[in-house]
Amino acid sequence: MTDTLGSARSAARGATASPLGDLAHSEAADRLKAELQEYLAAQAQRMLVGVGRKLGETTGKLNDIAEGNSPGFAKLALDGGRKLAEGKGPLRSALELGAARAKDNIVGALKNLGGGKGRRKGGAGKKPTVIIEYIDVGVPLRTAYDQWTRYQEFSTFAKGVKSAGRADDTNSDWQLKVFWSNRSWKAHTTEQVPDDRIAWTSEGAKGTTKGVVSFHHLADNLTRVLLVIEYYPKGLFEKTGNIWRAQGRRARLDLKNYVRFITLKGEAEEGWRGEIRDGEVVRSHEDVVAEEEAYEQEEEEEEDAGEYEDAENAEDIENPEDEEEEEYEYAEGGSRR
(Lines give C-alpha, C1' and ligand atoms only; values in the text may rest on other atoms or scores of the structure.)
Protein backbone atom coordinates (compact mmCIF):
# COMPACT_ATOMS: atom_id res chain seq x y z
CA MET A 1 0.00 0.00 0.00
CA THR A 2 2.73 2.35 0.93
CA ASP A 3 4.69 1.53 -2.21
CA THR A 4 1.64 2.15 -4.26
CA LEU A 5 1.08 5.62 -2.74
CA GLY A 6 4.76 6.54 -3.24
CA SER A 7 4.67 5.48 -6.84
CA ALA A 8 1.53 7.51 -7.38
CA ARG A 9 3.06 10.62 -5.84
CA SER A 10 6.24 10.26 -7.94
CA ALA A 11 4.19 9.84 -11.06
CA ALA A 12 2.13 12.92 -10.21
CA ARG A 13 5.27 14.98 -9.47
CA GLY A 14 6.86 13.87 -12.75
CA ALA A 15 3.72 14.73 -14.65
CA THR A 16 3.70 18.21 -13.10
CA ALA A 17 7.45 18.99 -13.68
CA SER A 18 7.69 17.69 -17.20
CA PRO A 19 5.82 20.57 -18.98
CA LEU A 20 7.90 23.22 -17.18
CA GLY A 21 11.14 21.43 -18.00
CA ASP A 22 10.19 21.22 -21.62
CA LEU A 23 9.38 24.95 -21.64
CA ALA A 24 12.74 25.88 -20.09
CA HIS A 25 14.56 24.05 -22.87
CA SER A 26 12.34 25.21 -25.68
CA GLU A 27 13.33 27.52 -28.61
CA ALA A 28 11.23 30.38 -27.17
CA ALA A 29 13.19 30.30 -23.91
CA ASP A 30 16.49 30.40 -25.79
CA ARG A 31 15.31 33.41 -27.82
CA LEU A 32 14.21 35.17 -24.64
CA LYS A 33 17.62 34.58 -23.05
CA ALA A 34 19.43 35.98 -26.12
CA GLU A 35 17.23 39.07 -26.21
CA LEU A 36 17.76 39.60 -22.48
CA GLN A 37 21.55 39.41 -22.95
CA GLU A 38 21.40 41.92 -25.82
CA TYR A 39 19.28 44.25 -23.71
CA LEU A 40 21.73 44.08 -20.79
CA ALA A 41 24.68 44.73 -23.14
CA ALA A 42 22.92 47.76 -24.64
CA GLN A 43 22.16 49.15 -21.20
CA ALA A 44 25.80 48.68 -20.15
CA GLN A 45 27.03 50.47 -23.28
CA ARG A 46 24.61 53.35 -22.70
CA MET A 47 25.78 53.64 -19.09
CA LEU A 48 29.45 53.69 -20.14
CA VAL A 49 28.85 56.38 -22.73
CA GLY A 50 26.98 58.46 -20.15
CA VAL A 51 29.81 58.08 -17.66
CA GLY A 52 32.32 59.01 -20.36
CA ARG A 53 30.45 62.19 -21.15
CA LYS A 54 30.24 63.12 -17.49
CA LEU A 55 33.97 62.55 -17.13
CA GLY A 56 34.60 64.60 -20.26
CA GLU A 57 32.74 67.57 -18.80
CA THR A 58 34.61 67.29 -15.50
CA THR A 59 38.11 66.75 -16.78
CA GLY A 60 37.68 69.22 -19.65
CA LYS A 61 37.93 72.10 -17.20
CA LEU A 62 41.26 70.84 -15.90
CA ASN A 63 42.53 70.34 -19.43
CA ASP A 64 41.45 73.86 -20.42
CA ILE A 65 43.87 75.14 -17.80
CA ALA A 66 46.69 72.81 -18.72
CA GLU A 67 46.31 71.59 -22.35
CA GLY A 68 42.79 72.06 -23.68
CA ASN A 69 42.36 68.31 -24.57
CA SER A 70 39.14 66.27 -24.34
CA PRO A 71 38.97 62.64 -23.14
CA GLY A 72 39.14 59.91 -25.82
CA PHE A 73 35.77 58.18 -26.01
CA ALA A 74 37.17 55.37 -28.21
CA LYS A 75 39.64 54.34 -25.52
CA LEU A 76 36.90 54.74 -22.92
CA ALA A 77 34.62 52.27 -24.75
CA LEU A 78 37.51 49.83 -25.27
CA ASP A 79 38.41 49.82 -21.59
CA GLY A 80 34.78 49.36 -20.67
CA GLY A 81 34.42 46.40 -23.04
CA ARG A 82 37.44 44.71 -21.53
CA LYS A 83 36.02 45.03 -18.02
CA LEU A 84 32.67 43.58 -19.15
CA ALA A 85 34.52 40.69 -20.81
CA GLU A 86 36.21 39.97 -17.48
CA GLY A 87 32.77 39.24 -16.06
CA LYS A 88 32.33 42.46 -14.11
CA GLY A 89 28.88 44.01 -13.97
CA PRO A 90 28.02 47.16 -15.92
CA LEU A 91 27.79 49.39 -12.86
CA ARG A 92 31.09 48.20 -11.38
CA SER A 93 32.83 48.52 -14.76
CA ALA A 94 31.59 52.08 -15.16
CA LEU A 95 32.72 53.07 -11.67
CA GLU A 96 36.19 51.57 -12.06
CA LEU A 97 36.61 53.07 -15.51
CA GLY A 98 35.49 56.49 -14.31
CA ALA A 99 37.86 56.50 -11.35
CA ALA A 100 40.85 55.51 -13.50
CA ARG A 101 39.99 58.07 -16.18
CA ALA A 102 39.60 60.88 -13.66
CA LYS A 103 42.90 59.98 -12.01
CA ASP A 104 44.77 60.04 -15.35
CA ASN A 105 43.36 63.43 -16.31
CA ILE A 106 44.02 65.02 -12.93
CA VAL A 107 47.61 63.76 -12.83
CA GLY A 108 48.20 64.97 -16.39
CA ALA A 109 46.76 68.38 -15.60
CA LEU A 110 48.91 68.81 -12.53
CA LYS A 111 52.03 67.73 -14.44
CA ASN A 112 51.36 70.32 -17.11
CA LEU A 113 50.66 73.05 -14.58
CA GLY A 114 53.91 72.24 -12.84
CA GLY A 115 55.95 72.60 -16.02
CA GLY A 116 56.28 68.83 -16.54
CA LYS A 117 56.85 67.12 -19.86
CA GLY A 118 53.97 67.72 -22.22
CA ARG A 119 53.25 67.20 -25.84
CA ARG A 120 54.98 70.49 -26.73
CA LYS A 121 58.55 69.97 -25.59
CA GLY A 122 60.00 73.19 -24.26
CA GLY A 123 56.97 75.15 -25.47
CA ALA A 124 54.56 77.42 -23.70
CA GLY A 125 50.83 77.05 -23.32
CA LYS A 126 48.70 77.08 -26.45
CA LYS A 127 46.34 79.79 -25.28
CA PRO A 128 48.03 83.15 -24.68
CA THR A 129 46.99 85.94 -22.40
CA VAL A 130 46.13 88.87 -24.69
CA ILE A 131 46.87 92.26 -23.16
CA ILE A 132 45.57 95.45 -24.82
CA GLU A 133 46.15 98.73 -23.01
CA TYR A 134 46.47 102.36 -24.09
CA ILE A 135 47.09 105.66 -22.38
CA ASP A 136 47.41 109.34 -23.34
CA VAL A 137 50.48 111.31 -22.35
CA GLY A 138 50.82 115.09 -22.48
CA VAL A 139 54.06 115.34 -24.46
CA PRO A 140 54.87 115.60 -28.20
CA LEU A 141 54.97 112.43 -30.29
CA ARG A 142 58.75 112.42 -30.65
CA THR A 143 59.28 112.84 -26.91
CA ALA A 144 56.98 109.92 -26.08
CA TYR A 145 58.71 107.69 -28.65
CA ASP A 146 62.27 108.59 -27.68
CA GLN A 147 61.58 107.93 -24.00
CA TRP A 148 60.22 104.46 -24.76
CA THR A 149 63.33 103.51 -26.75
CA ARG A 150 65.59 104.31 -23.78
CA TYR A 151 65.39 100.81 -22.31
CA GLN A 152 68.04 101.55 -19.71
CA GLU A 153 65.61 103.92 -17.96
CA PHE A 154 62.73 101.43 -17.61
CA SER A 155 64.03 100.36 -14.22
CA THR A 156 63.41 103.89 -12.91
CA PHE A 157 59.63 103.76 -13.42
CA ALA A 158 58.49 100.21 -14.39
CA LYS A 159 57.64 98.10 -11.37
CA GLY A 160 59.64 94.88 -11.20
CA VAL A 161 62.23 95.80 -13.86
CA LYS A 162 65.64 95.50 -12.20
CA SER A 163 67.70 96.31 -15.27
CA ALA A 164 67.41 96.55 -19.04
CA GLY A 165 69.79 97.40 -21.83
CA ARG A 166 70.56 96.93 -25.51
CA ALA A 167 72.82 94.06 -26.49
CA ASP A 168 72.86 95.44 -30.05
CA ASP A 169 70.53 97.31 -32.40
CA THR A 170 67.91 94.51 -32.52
CA ASN A 171 68.40 92.64 -29.20
CA SER A 172 68.00 93.64 -25.57
CA ASP A 173 68.38 91.95 -22.17
CA TRP A 174 65.91 92.37 -19.30
CA GLN A 175 66.05 91.42 -15.63
CA LEU A 176 62.76 91.39 -13.72
CA LYS A 177 61.79 90.58 -10.16
CA VAL A 178 58.43 88.94 -9.40
CA PHE A 179 57.97 88.78 -5.63
CA TRP A 180 61.01 86.78 -4.46
CA SER A 181 61.80 85.28 -7.85
CA ASN A 182 64.04 86.74 -10.58
CA ARG A 183 63.20 86.48 -14.28
CA SER A 184 65.50 86.93 -17.27
CA TRP A 185 64.23 87.84 -20.75
CA LYS A 186 65.89 88.23 -24.12
CA ALA A 187 63.92 90.44 -26.49
CA HIS A 188 64.35 90.69 -30.25
CA THR A 189 62.98 93.72 -32.13
CA THR A 190 61.29 92.59 -35.35
CA GLU A 191 60.08 95.99 -36.54
CA GLN A 192 60.81 99.56 -35.52
CA VAL A 193 59.74 102.74 -37.31
CA PRO A 194 60.70 106.07 -35.69
CA ASP A 195 57.77 107.93 -34.09
CA ASP A 196 55.38 105.16 -35.19
CA ARG A 197 55.75 101.63 -33.77
CA ILE A 198 58.00 99.01 -32.19
CA ALA A 199 57.31 95.26 -32.49
CA TRP A 200 59.22 92.54 -30.66
CA THR A 201 59.34 88.94 -29.50
CA SER A 202 60.89 87.72 -26.26
CA GLU A 203 61.97 84.40 -24.80
CA GLY A 204 62.45 83.53 -21.14
CA ALA A 205 62.54 80.50 -18.87
CA LYS A 206 58.99 81.21 -17.66
CA GLY A 207 57.26 82.30 -20.86
CA THR A 208 57.37 83.99 -24.25
CA THR A 209 55.76 87.17 -25.57
CA LYS A 210 54.89 88.89 -28.83
CA GLY A 211 54.16 92.59 -28.58
CA VAL A 212 53.68 95.89 -30.39
CA VAL A 213 53.68 99.42 -29.00
CA SER A 214 52.48 102.21 -31.30
CA PHE A 215 52.45 106.00 -30.94
CA HIS A 216 49.63 108.20 -32.24
CA HIS A 217 49.62 111.99 -32.62
CA LEU A 218 46.53 113.54 -31.03
CA ALA A 219 47.73 117.14 -30.67
CA ASP A 220 51.02 119.08 -30.52
CA ASN A 221 51.47 118.13 -26.88
CA LEU A 222 49.30 115.01 -26.65
CA THR A 223 50.23 111.48 -27.73
CA ARG A 224 48.40 108.18 -27.40
CA VAL A 225 50.47 105.07 -26.59
CA LEU A 226 48.84 101.73 -27.51
CA LEU A 227 50.30 98.47 -26.13
CA VAL A 228 49.28 95.01 -27.43
CA ILE A 229 50.94 91.86 -26.01
CA GLU A 230 50.43 88.11 -26.41
CA TYR A 231 51.86 86.34 -23.37
CA TYR A 232 52.48 82.57 -23.37
CA PRO A 233 53.22 81.51 -19.76
CA LYS A 234 55.23 78.50 -18.61
CA GLY A 235 55.23 76.90 -15.18
CA LEU A 236 52.78 76.71 -12.29
CA PHE A 237 53.31 80.24 -10.93
CA GLU A 238 52.97 81.94 -14.31
CA LYS A 239 49.94 79.90 -15.35
CA THR A 240 48.23 80.61 -12.04
CA GLY A 241 48.95 84.30 -12.53
CA ASN A 242 47.58 83.95 -16.05
CA ILE A 243 44.21 82.82 -14.67
CA TRP A 244 43.91 85.99 -12.60
CA ARG A 245 45.17 88.30 -15.42
CA ALA A 246 48.05 89.56 -13.28
CA GLN A 247 50.10 90.38 -16.36
CA GLY A 248 47.41 92.73 -17.70
CA ARG A 249 47.31 94.63 -14.42
CA ARG A 250 51.10 94.91 -14.44
CA ALA A 251 51.09 96.34 -17.98
CA ARG A 252 48.42 98.89 -17.03
CA LEU A 253 50.40 99.98 -13.98
CA ASP A 254 53.65 100.29 -15.95
CA LEU A 255 51.93 102.50 -18.54
CA LYS A 256 50.73 104.82 -15.78
CA ASN A 257 54.22 104.94 -14.31
CA TYR A 258 55.62 105.74 -17.78
CA VAL A 259 53.18 108.65 -18.16
CA ARG A 260 54.03 109.99 -14.72
CA PHE A 261 57.76 109.72 -15.42
CA ILE A 262 57.86 111.45 -18.82
CA THR A 263 55.21 114.07 -17.95
CA LEU A 264 57.11 115.24 -14.89
CA LYS A 265 60.37 115.11 -16.80
CA GLY A 266 58.89 117.11 -19.68
CA GLU A 267 61.43 116.02 -22.29
CA ALA A 268 63.45 112.97 -23.21
CA GLU A 269 67.03 112.59 -24.18
CA GLU A 270 67.65 111.32 -27.68
CA GLY A 271 66.44 107.75 -28.12
CA TRP A 272 67.40 105.10 -30.65
CA ARG A 273 65.91 106.26 -33.95
CA GLY A 274 67.03 103.53 -36.34
CA GLU A 275 64.59 101.61 -38.55
CA ILE A 276 64.15 97.83 -38.43
CA ARG A 277 62.24 95.65 -40.89
CA ASP A 278 61.83 91.87 -40.55
CA GLY A 279 64.35 91.81 -37.70
CA GLU A 280 67.08 93.55 -39.71
CA VAL A 281 68.34 97.14 -39.48
CA VAL A 282 67.54 98.93 -42.76
CA ARG A 283 68.52 102.42 -41.54
CA SER A 284 70.96 103.00 -38.70
CA HIS A 285 70.43 105.48 -35.91
CA GLU A 286 73.08 107.78 -37.34
CA ASP A 287 71.55 107.71 -40.84
CA VAL A 288 68.08 108.59 -39.58
CA VAL A 289 69.37 111.40 -37.36
CA ALA A 290 71.39 112.83 -40.28
CA GLU A 291 68.32 112.69 -42.54
CA GLU A 292 66.16 114.39 -39.93
CA GLU A 293 68.72 117.15 -39.38
CA ALA A 294 69.05 117.74 -43.14
CA TYR A 295 65.27 117.91 -43.48
CA GLU A 296 64.96 120.38 -40.60
CA GLN A 297 67.74 122.54 -42.07
CA GLU A 298 66.05 122.52 -45.47
CA GLU A 299 62.75 123.59 -43.90
CA GLU A 300 64.49 126.44 -42.04
CA GLU A 301 66.16 127.63 -45.25
CA GLU A 302 62.86 127.56 -47.12
CA GLU A 303 61.20 129.45 -44.29
CA ASP A 304 63.96 132.07 -44.25
CA ALA A 305 63.78 132.43 -48.03
CA GLY A 306 60.03 132.93 -47.84
CA GLU A 307 60.38 135.60 -45.19
CA TYR A 308 63.05 137.40 -47.26
CA GLU A 309 60.82 137.40 -50.35
CA ASP A 310 57.91 138.73 -48.32
CA ALA A 311 60.13 141.56 -46.99
CA GLU A 312 61.29 142.51 -50.50
CA ASN A 313 57.76 142.51 -51.80
CA ALA A 314 56.73 144.73 -48.92
CA GLU A 315 59.45 147.30 -49.77
CA ASP A 316 58.55 147.36 -53.46
CA ILE A 317 54.91 148.11 -52.80
CA GLU A 318 54.35 151.89 -52.34
CA ASN A 319 51.60 153.39 -50.33
CA PRO A 320 48.84 154.82 -52.64
CA GLU A 321 48.33 157.79 -50.32
CA ASP A 322 52.03 158.71 -50.61
CA GLU A 323 51.80 158.57 -54.43
CA GLU A 324 48.83 160.93 -54.47
CA GLU A 325 50.64 163.36 -52.17
CA GLU A 326 53.77 163.35 -54.37
CA GLU A 327 51.70 163.93 -57.49
CA TYR A 328 49.92 166.86 -55.81
CA GLU A 329 53.21 168.46 -54.75
CA TYR A 330 54.63 167.97 -58.24
CA ALA A 331 51.58 169.60 -59.77
CA GLU A 332 51.81 172.56 -57.40
CA GLY A 333 55.50 172.97 -58.11
CA GLY A 334 54.85 172.99 -61.88
CA SER A 335 52.15 175.63 -61.55
CA ARG A 336 54.49 177.85 -59.61
CA ARG A 337 56.96 177.73 -62.44
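Axes here are lines fitted to C-alpha atoms, for helices over the stretch in contact, and angles between them run from 0 to 180 degrees between N-to-C directions. The model is predicted.

Q: How many helices and strands does the secondary structure of the protein come to?
A: The protein has 337 residues, of which 31% count as buried. Its secondary structure comes to nine helices and nine strands.

Q: At what angle do the axes of helix H5 and helix H7 cross?
A: Two packed helices are described by the angle between their axes and the distance between the axes. Helix H5 covers residues 141-149 and helix H7 covers residues 246-265. H5 passes H7 in a right-handed crossing. Their axes come within 11 Å, and the crossing angle is roughly 120°.

Q: By class, which residues make up the contact of H5 with H7?
A: On the H5 side, the contact is made by Thr143, Ala144, Gln147 and Trp148. On the H7 side, Leu255, Tyr258, Phe261, Ile262 and Lys265 take part. By class, this gives six nonpolar, two polar and one charged residues.

Q: Why is H5 described as largely enclosed by the rest of the structure?
A: A residue counts as buried under 20% relative accessible area. In H5, the buried residues are Leu141, Thr143, Ala144, Tyr145, Asp146, Gln147, Trp148 and Thr149. H5 is largely enclosed because the buried residues number eight of the nine.

Q: Leaving aside neighbours within four places in sequence, which residues is tryptophan 148 in contact with?
A: Tryptophan 148 belongs to the H5 side of the contact with H7, and Trp148 is buried. Leaving aside neighbours within four places in sequence, tryptophan 148 is in contact with Phe154, Ile198, Val213, Phe215, Val225, Leu227, Leu255 and Tyr258.

Q: Is serine 202 buried or exposed?
A: Serine 202 is placed in strand S5, residues 197-204. A polar contact of 2.2 Å joins its side chain to that of threonine 209. Beyond four places in sequence, serine 202 is in contact with Trp185, Lys186, Ala187, Thr208 and Thr209. With a relative accessible area of 10%, serine 202 is buried.

Q: What is the relative accessible area of serine 172?
A: Serine 172 lies in strand S3, residues 171-178, and its side chain is joined to that of tryptophan 174 by a polar contact of 2.9 Å. Leaving aside neighbours within four places in sequence, the contacts of serine 172 include Tyr151, Gly165 and Trp185. Serine 172 is buried, and its relative accessible area is 4%.

Q: What separates the C-alpha atoms of lysine 127 and tyrosine 232?
A: Lysine 127 lies in the loop between helix H4 (90-113) and strand S1 (129-137). Lysine 127 is exposed, with a relative accessible area of 56%. Lysine 127 and tyrosine 232 are 105 residues apart along the chain, and their C-alpha atoms are separated by 7.0 Å.

Key
Residues are numbered from 1 along each chain as its sequence is written. This is a predicted model: local features need pLDDT of at least 70, side-chain atom pairs count only at pLDDT 80 or more; totals for chains, interfaces and linings use all residues. Side-chain values use heavy atoms; hydrogens and water are left out. Helices (H or I, at least four residues) and strands (E, at least two) are DSSP runs, numbered from the N terminus. A crossing is left-handed if the near helix is turned anticlockwise from the far one by less than a right angle, and right-handed if clockwise. Contact means heavy atoms within 4.5 Å. Ala, Val, Leu, Ile, Met, Phe, Trp, Tyr, Cys and Pro count as nonpolar, Asp, Glu, Lys and Arg as charged, and the others, Gly among them, as polar. Buried means under 20% relative accessible area, exposed over 50%, partly exposed in between (1.4 Å probe, protein chains only). A polar contact is a pair of N or O atoms within 3.5 Å; within protein, one must be able to donate a hydrogen and the other to accept it, and residues adjacent in sequence count only if both atoms are side-chain atoms.
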